[in-house]
Amino acid sequence: MDSTDYEKQRYDAFAPEFEPEESAPLPLHLLRRTALWLGRRPVAGAGIRALRRAEYRALKSLGERLDRAGVSPADPLGNASSGGDSLPAQIFAELLDTSRGTDQEAIEQDFYVRLLRQLNPSQARILVLMADGSVWPMVHVNAGALPGIGSQRVLSYASSVGKEAGVLLRAQVPNFIAHMFSLGLISVGPEDKTLEPEYEILEAETLVRDAMAHIEDDLNQYSNIERCTIRLSEFGESLCAVVLPSGRR
């Protein structure tokens, strides 16, 4: 039997074959090393099976000693044991406990921490750039059966703000902005005519041109660019007021 097959076995699968023994079990590390050595030999089925039984006895004995000592086994995710509660139930209980707090400042800090954990470093750079209240061009690229009419969204939230913020994953900027919008950090507004040069530069970028080529060449439809603007929402501004030093806004 291959050693990898041995590693995948469940110890409790052999439990009915065992009988209580008076002698102390051998150390687990010695049993496992011996079993792995036998697993590389062509004729070792009986030996490995005997070692599995011995290892089960050792694990069972260890569990009984822990039970007598009142020690709970460690959670594989590093969380404290919570009896029969599942991990989702435990997390939900912790959220409810936190919601019962009366310290408004502590609750606010906890809220911002949980929110920031959902952002990546590139989104942090975008936040810093937009923290001064600036407005940025953003476009959606739509496909339609008629010129000037788009019924199918092909590219959303394309903006030059990622390039200006120094985001390296340029193709992911639309996803970053969409996520920030879903969190309420960014607000979307109508086209700003004063940003005409910026729109032209944005619409000449590879990401936008590729989307338009896909619509016209692969979908055999007309491409339509929908111009918008993005800026920080009031909530985004309040977050920046908390996390950024005044000199960086």
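Predicted model: local features only at pLDDT ≥ 70, side-chain atom pairs only at ≥ 80, totals over all residues.
**Exercise 1. Describe how helix H11 packs against helix H5, and classify the angle.**

Solution. Helix H5 (residues 104-116) and helix H11 (residues 234-243) pack at an angle of about 105 degrees, and their axes are 12 Å apart; axes are lines fitted to C-alpha atoms, for helices over the stretch in contact, and angles run from 0 to 180 degrees between N-to-C directions. Angles under 35 degrees count as roughly parallel, over 145 as roughly antiparallel, 65 to 115 as roughly perpendicular and the rest as oblique. H5 and H11 are therefore roughly perpendicular to each other. On the H5 side the contact (heavy atoms within 4.5 Å) is made by Gln 109, Phe 111, Tyr 112, Leu 115 and Leu 116, and on the H11 side by Phe 235, Ser 238, Leu 239, Val 242 and Val 243. These residues divide into 8 nonpolar, 2 polar and no charged, where Ala, Val, Leu, Ile, Met, Phe, Trp, Tyr, Cys and Pro count as nonpolar, Asp, Glu, Lys and Arg as charged, and the others, Gly among them, as polar.

**Exercise 2. Carry out the analysis for helices H6 and H8, and then follow Ile 126 into the nonpolar core.**

Solution. The axes of helix H6 (residues 121-130) and helix H8 (residues 173-182) come within 10 Å and cross at roughly 70 degrees, and H6 and H8 are therefore roughly perpendicular to each other. The contact involves Ser 122, Gln 123, Ile 126 and Leu 127 of H6, together with Phe 176, His 179 and Met 180 of H8; the residues divide into 4 nonpolar, 3 polar and no charged.

The next step turns to the core. A nonpolar core is a set of buried Ala, Val, Leu, Ile, Met, Phe, Trp, Tyr and Cys residues joined through side-chain atoms within 4.5 Å. The largest has 26 residues, of which Ile 126, Met 130 and Ile 230 touch the most other members. H5, H6, E1, helix H7 (161-165), H8, E4 and H11 each give two or more residues to this core, and H8 gives the most, with 4 residues. Leaving aside neighbours within four places in sequence, Ile 126 is in contact with Val 161, Ala 165, Val 167, Phe 176 and Met 180. Apart from this core lies another, of 12 residues, among them Val 139, Tyr 199, Leu 202 and Ala 211.

**Exercise 3. Work out the strand order of the sheet, and identify the strands at the edges.**

Solution. The sheet is open, with 4 strands in the order E2-E1-E4-E3 and antiparallel pairing; two strands pair if DSSP finds at least two bridges between them. Strand E2 (152-159) and strand E3 (186-189) stand at the edges, each with a single partner strand, so one side of each is left without a neighbour in the sheet. The twist averages 30 degrees from one strand to the next. E1 and E4 pair over 9 bridges, and His 140 has Glu 226 of E4 as its bridge partner. E3 is joined to strand E4 (residues 222-232) by 4 bridges, with Ile 186 opposite Leu 232 and Gly 189 opposite Thr 229. Helix H9 (residues 196-203) lies across strand E1 (136-144), E2 and E4, running at about 50 degrees to E1.

**Exercise 4. Decide whether Ser 223 is buried or exposed, and list its contacts.**

Solution. Ser 223 has its place in strand E4. At 18% relative accessibility, Ser 223 counts as buried. Not counting residues up to four places away in sequence, Ser 223 touches Asn 142, Met 212, Ile 215 and Glu 216.

Key:
Residues numbered from 1 in each chain as written. Heavy atoms only, no water. Buried < 20%, exposed > 50% of the residue type's maximum accessible area, 1.4 Å probe, protein only.
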